[in-house]
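Subject: Handover of a structure and notes on its contents

Dear colleague,

Please find the structure below, together with its sequence. My notes on what was found follow directly after it.

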Amino acid sequence: MATLIRSKISNKLSNAATSVSNKSQAKVSGMFARMGFQAATDEEGLGFVACDDLDYDHRQGLQMDILKTDEVGGEGGGEIGGDGAAEGDSHYQRDSTGPPPSSSKDGGVCDELAAQDKPQITAWEAGWNVTNAIQGMFVLGLPYAILHGGYLGLFLIIFAAVVCCYTGKILIACLYEENEDGELVRVRDSYVDIANACCAPRFPALGGHVVNVAQIIELVMTCILYVVVSGNLMYNSFPTLPVSQKSWAIIATAALLPCAFLKNLKAVSKFSLLCTMAHFVINVLVIAYCLSRARDWAWDKVKFYIDVKKFPISIGIIVFSYTSQIFLPSLEGNMQKPSEFHCMMNWTHIAACILKGLFALVAYLTWADATKEVITDNLPSTIRAVVNLFLVAKALLSYPLPFFAAVEVLEKSLFQDGGRAIFPDCYRGDGRLKAWGLSLRCGLVVFTLLMAVFVPHFALLMGLTGSLTGAGLCFLLPSLFHLKLLWRKLLWHHVFFDVAIFVIGGICSISGFIHSMEGLVEAYKYNLHD
Amino acid sequence: MPRSETFPRVQRHAQIGSKPSIDSISAIKCEFDFQLKTANTRMRAGCGLTYTCAVAAFAMWQSDVMMKLIGCRTLDSARLQRLAFVFFSILSRILAEQEVENLSGLSPNPDKDIFVVRENGTTCLMAEFAVRFLVPYDVLALNGIDLITEQASIALPRGAEIEGKCGNAEAEVQISWINDAYVFRLFFVKEVHDSSKGNDIWKISKVQLLYDTSEKTHFINAYNPGKHTASSHRLSALVTPAGQSYECQAPQTLTLISTDHQKGVTVSLSDIQIQPFDITSDFTFSPAYKCITDQREQLEELLPLILGIVLGLLIVITLSVYHLHLKMTAHQPQLPRDRSLYKNILQF
């Protein structure tokens, strides 16, 4: 009994001692922070970022204090404290790499846990993700676009790459604001934040809601499209089996179920890497086959004029295949060195442009007037079977990226703690997903399956929504937000580009919308006649 | 009532060839009311007629039993028998006309028709299908020298004349319309491999189509009009185990070679149910043997359901395993990730 009381007293004394030392350290840090501020105004000593570091120490010290009094055992407190610090730090977005390792007592542990919780991706991994988004399934329709557009189609492929690279960069530029020192600081985190900031004075939440809805529609439709495409390709590859397209779609969904367990962008980047490799193999196979028939190339068939009736659809295919802007804010936010973002954008778009242009031109030259809507229909059956299998693999591997992005958008907008959103948080305190959160993710996967199976003419419907949401999110909104937020800093040629992109994007969107509606009405009439 | 209704124009009558069933049934004179169907004066030969006779015979047998039960007077005399037969044939034709019309109205396929051959008072061959013929024929071109091949699409009209012959190992049915301008024949044969093992099968052995290109409704400006015959060569189709009827919804196509310069006539049968042998009861098909295409389609339709159930089970198992895993490994206190909720844990 006496030893028990003595141990309790000694515990309390040691706790008190540590709390005193923590508090004094916190006070000192706070003092330094304040001094740091003043120092900045006096000399050019401490920049804003360094002040941030000191403030971080201060808060870390306070948190350590709180947790030590709550928890008798120290180990759990340290870990969770580090975790909480890393999470609470998200509001202090800095350009450097995560929490500085030397700042706190359990700095090493905190760093590790921050890395486990939200690991940062390298520029290469961000590049794979962007490539996954811009080199999609629509590359198979490009030779058909050249059939109807000739040289203009080729020019459009290059031009669209340039424009989309530019809009991606200005979108990310909207995330940053200049502080008093002229340094760029990341004040906004996502597309929704940018939209809210633009509509700030009168409608503080309207812009965010519009962008949310557009993003969710675009992402979910992309996921559904991948399920439809994989079902269709498998059905066409094995017509002798009694398995219908619906059955193949269900099998594909069963294979995609593990996507519900995705936690961070690093895992998604691995899938994107495999997807890019599959795409590369497809390109190599088709180009090699076309090169083997190089003697028969019809150079004189490439037209200078346009087929006015059919080309607008091709415009849609070419232009909307470069849509990666939805993923850019979260990609850039998770990069270890965000300064490499511009370089990554340039290289991915150049690579996409070259590969797409080469593929479209070479395939068109091989088959000229006989080029079909999907180039795999032109291939001989053995190569077609192999290419089909790789296409199915590509479709399945492309699914995680839009799925993860959709889950992120939904969680941020609908599932937040503290009454910020309608539903409670999907994650537990230790960062793991709750069971019902997992069931919601599985529900989203099943929803994409049901839409893929029961909605007829899905490709046309996707063209319809894509011309609205895709064009909006890729051309109209970035230029609009760029003009609104950074008006004072723009040079005249930036303004000119933004306005031009807005106008061109509007025209593409309207023409795509009209043609998709026409196509849908015709398909509906044909069905009714049948 | 016009004479044609009482005495049919068609001389060939399935019952005339075979022993009339009247002999076994005594003539019955009874009074009952019926409403004459005056609105419908269309002659429905062939199909209606065989059905009529069948219904008449059946009606007579039934009424025989009924009358015996309620005790009508029965008269035995040949003259009365004949009068009664005529009387009943009128009545039953009227009823059967209604029945045949209803039958065609029930089927959703307008081309589908039923063909029955009766012998000895029972049905011996029943065939139900929709058929379309694609017959190529020559037409003189505008320059007056060349010959162009045109295609005529012919369907079986209602009320075609049916003839048939049944046997133990062979059966045939002959359908003719437009005054024998077109005659369609199906020949069935039953093969007995090993009577003890029950490997008997029946199948179509020959299909024949006789057509006359001088017939104006389908053949427009045919060159050298005349009668031609298109037959099959070494055909073995619709193979079915003996004692069962053949059923197939999916369309089946046969090509017949015509005597008109060896042109190919395409016969496309769909919505088929045929039984040429071993019909046990009147107008009833034996258990059906489904064709392979139909079986595949059934499997194709069943598979998504099975896979969907498997997927659902998979999801449920995954969720419960994850839930249990969380329960097992959670021994640390949950701290909220949002700093604003720290106030809940501040206890001092």
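In these notes, a residue is called buried when its relative accessible area is under 20%, exposed when that value is over 50%, and partly exposed in between, using a 1.4 Å probe and protein chains only. This is a predicted model, in which local features need pLDDT of at least 70 and side-chain atom pairs count only at pLDDT 80 or more, whereas totals for chains, interfaces and linings use all residues. Residues are numbered from 1 along each chain as its sequence is written, chains are lettered from A and ligands numbered from 1 in the order in which they are written, and side-chain values use heavy atoms, with hydrogens and water left out.

A buried glutamate in chain A

At a relative accessibility of 17%, A:Glu125 counts as buried. A:Glu125 belongs to helix 5 (residues 123-134) of chain A; helices (H or I, at least four residues) and strands (E, at least two) are DSSP runs, numbered from the N terminus. Setting aside residues up to four places away in sequence, A:Glu125 touches A:Lys266 and A:Ser269, where contact means heavy atoms within 4.5 Å. With A:Lys266 there is also a polar contact between the two side chains, at 3.3 Å. A polar contact is a pair of N or O atoms within 3.5 Å; within protein, one must be able to donate a hydrogen and the other to accept it, and residues adjacent in sequence count only if both atoms are side-chain atoms.

Nonpolar cores

A nonpolar core is a set of buried Ala, Val, Leu, Ile, Met, Phe, Trp, Tyr and Cys residues joined through side-chain atoms within 4.5 Å. The largest such core has 127 residues, and those with the most contacts inside it are A:Val211, A:Tyr322, A:Tyr399, A:Phe403, A:Phe475 and A:Phe481. Helix 9 (residues 206-237) of chain A supplies the largest share of this core, 14 residues. Beyond its neighbours within four places in sequence, A:Phe481 is in contact with A:Cys174, A:Tyr191, A:Ile194, A:Ala195, A:Cys198, A:Val211 and A:Leu486. A second, separate core of 49 residues includes B:Phe133, B:Leu156, B:Leu186 and B:Ile204.

Chain B: overall content and strand pairing

Chain B has five helices and 13 strands, and 43% of its 348 residues are buried. Of the contacts in chain B with a separation of 6 or more, 63% are between residues 24 or more positions apart.

Two strands pair if DSSP finds at least two bridges between them. Strand 7 (residues 201-212) and strand 8 (residues 227-231) of chain B run antiparallel and are joined by five bridges; B:Leu210 has B:Thr229 in strand 8 as its bridge partner. Strand 8 of chain B also pairs with strand 11 (residues 252-258) of chain B, in the antiparallel sense and over two bridges. There, B:Ala230 stands opposite B:Ser258 of strand 11.

A disulfide is taken here as a pair of cysteine sulfur atoms within 2.5 Å. By this rule there are two disulfides over all chains.

One disulfide joins B:Cys124 to B:Cys166, with an S to S distance of 1.7 Å. B:Cys124 lies in strand 2 (residues 122-140) of chain B and B:Cys166 in the loop between strand 4 (161-165) and strand 5 (170-177), so the pair ties together parts that are 42 residues apart in sequence. The torsion about this S-S bond is about 65°, so the disulfide is right-handed. B:Cys124 is buried at 13% relative accessible area, and B:Cys166 is buried at 19%.

The other disulfide joins B:Cys248 to B:Cys291, S to S 1.9 Å. It links distant parts of the chain, 43 residues apart: B:Cys248 is in strand 10 (residues 245-248) of chain B, and B:Cys291 is in the loop between strand 13 (288-290) and helix 5 (292-329) of chain B. Its S-S torsion is about 75°, so this disulfide is right-handed. Both B:Cys248 and B:Cys291 are buried. With the bonded cysteines of chain B numbered in sequence order, the pairing is 1-2, 3-4.

A:Cys165 is in no disulfide, the nearest cysteine sulfur being that of A:Cys164 at 8.8 Å. A:Cys165 is buried, at 9% relative accessibility. For A:Cys474, the closest cysteine sulfur is in A:Cys164, 6.0 Å away and too far for a bond; A:Cys474 is buried at 2% relative accessible area.

With kind regards
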